[in-house]
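Subject: Structure for you to look over, with notes

Dear colleague,

Please find the structure below, and my notes on it after that. I would be glad if you could read the two side by side.

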Amino acid sequence: MSAGRIIVLGAGVAGLSVALPLRRAGREVTVIDALPPAGGSSFGNAGLLSPDTSVPVALPGMLRKVPGWLSDPLGPLVVRRSYLPRATPWLWRWIKAGRMDRALAISASMRALHVGSFEAWRALLGAGGFSEFIRQSGQVQVFDRAEETPAAALEREFRARQGIPTEVLGADELRQMFPGIARHVSRGVLIPGNGNTVNPGRMVRRLADLFLAEGGEILAERVLKLIPREGGGWMAMTNVANHVAATVVVAGGAWSRAMLDPLGIRVPLETERGYHLLLPGANVAPRMPILYKSRSFTITPMEEGLRAAGTVEIAGLDAAPDERRAEQLLRLMRTLFPGLEGGTPRLWMGHRPSTPDSLPVLGPVPSRPGLHLCLGHGHFGMTGGPPSGKLVSDLILGAAPRIDAAPYSVNRFQGGSP
Ligand SMILES: Cc1cc2nc3c(=O)[nH]c(=O)nc-3n(C[C@H](O)[C@H](O)[C@H](O)COP(=O)(O)OP(=O)(O)OC[C@H]3O[C@@H](n4cnc5c(N)ncnc54)[C@H](O)[C@@H]3O)c2cc1C
């Protein structure tokens, strides 16, 4: 082992966003992943880049919604009954994270991290890659009712506290901006500072290509266990080899607990499974992503077609996908654009790596020298992955981080707080 070798476990957006700056700082970096780069959640997400969202997933009033989650298997948020006993402690922390005072603090920490998202993507991809993959054209939320809903009012309050500009749109403006949109869609909220990628999977694979071209190493192996070495450093025991390094970064997405539990590191990480339906050759091409809030899904114009994504299913890492959840996205897309046609849809399911408080887990594990975390990005990994990677790599390199790392530390889970 060279004295400074670093192993990064995971070749998704989180792992590659740490690995690339470390390599650029001249360190010997090996990424290990059982899947090809961007083979996990980073492949098929909705591609929203949302520095100006800053609204946690858990919000006041969640408890009232629990019975509904258990009753409708095709609802926007479902907990599979057989998995409920395992998910209950996480769900309870999630509900507690929705208390107003806590949600406001979380919102400020989301904003501090996410505000640097476009800048961090540009640093990783370079100016040419950035303009190839990223559109800074805004996002629009749309609603059936012309009056503001209580949930939308709450979101507005969160954004106002962060000084984020938005613009309310009426039915006529929406029809002008999005020809063919359904007549019942009556209200819109434009968030001009947000954007999207036209292909999240290909964009994250580009990070891997850059990393390799700049002297990094990627191994196609499954890490079975991380073992601390006597005298310092770590051994990653994989299905075919033992790799030693002074520093290890766990960026294994929703699967990260398998590495951490045996070390006694307790991170409340749950998979919020989500689905997409990609419609190639669609005859509708909105000029920005549309978040249809009244039906809880998103459509994003992508280079391979129109992608509808969303839904949360709490059912663990191993249960087979419920393809009906993806198929219904086509019907939902047609409630937004009744004349929508296209080719044969592609269905996908992925695992959001979610903490109860919507914040990732970043930085060193205090009790374990040389072990660092970059995981738990939940619904926001495409937005938060690159700024998180910058923060974690700065901490490893001993550089002054741009923001205070404390709100993202694993320490926050000690003592039972959400
Ligand atoms: C339907 C859906 C829509 C989404 N939409 C958005 C969006 O619009 N905007 C946004 O910002 N975010 C979105 N997200 C969230 C985003 O996709 C994730 O937060 C992000 O991709 C997580 O990246 P990651 O690198 O942590 O995990 P992953 O991309 O899942 O990568 C983790 C990697 O670790 C590897 N790994 C794990 N354990 C091991 C092991 N033991 N050995 C070897 N390799 C291992 C896995 O093989 C995997 O490749 C969405 C997610 C879903 C599911």
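The model is predicted, with local features requiring pLDDT of at least 70 and side-chain atom pairs counting only at pLDDT 80 or more, whereas totals for chains, interfaces and linings use all residues. Residues are numbered from 1 along each chain as its sequence is written.

Helices (H or I, at least four residues) and strands (E, at least two) are DSSP runs, numbered from the N terminus. Helix H12 covers residues 381-397, and its 17 residues should span 24 Å at 1.5 Å a residue, which agrees with the 22 Å between its end C-alpha atoms; the expected span is taken as 1.5 Å times one less than the number of residues. Of those 17 residues, 14 are buried, so that H12 is mostly covered; a residue is called buried if 20 or more other C-beta atoms lie within 10 Å of its own, exposed if 12 or fewer, and partly exposed in between, with C-beta atoms placed from the backbone.

Helix H6 (residues 117-133) packs against H12 at an angle of about 70°, with the axes 8 Å apart, where axes are lines fitted to C-alpha atoms, for helices over the stretch in contact, and angles run from 0 to 180 degrees between N-to-C directions. That angle makes H6 roughly perpendicular to H12, since 65 to 115 degrees counts as roughly perpendicular, under 35 as roughly parallel, over 145 as roughly antiparallel and the rest as oblique. On the H6 side the contact is made by Ser117, Ala120, Trp121 and Leu124, and on the H12 side by Thr383, Gly384, Pro386, Pro387 and Lys390; two residues are in contact if their C-beta atoms, placed from the backbone, lie within 7 Å. These residues divide into 5 nonpolar, 3 polar and 1 charged, with Ala, Val, Leu, Ile, Met, Phe, Trp, Tyr, Cys and Pro counted as nonpolar, Asp, Glu, Lys and Arg as charged, and the others, Gly among them, as polar.

Threonine 383, which is found in helix H12, is buried, with 27 other C-beta atoms within 10 Å. Leaving aside its neighbours within four places in sequence, threonine 383 is in contact with Leu49, Ser50, Pro51, His114 and Ser117.

Finally, two loop residues. Alanine 38, in the loop between strand E2 (29-32) and helix H2 (41-44), has a positive phi near 60° and is buried, with 24 other C-beta atoms within 10 Å. Serine 358, in the loop between strand E19 (346-354) and strand E20 (361-364), has a positive phi of about 65° although it is not a glycine.

With best wishes
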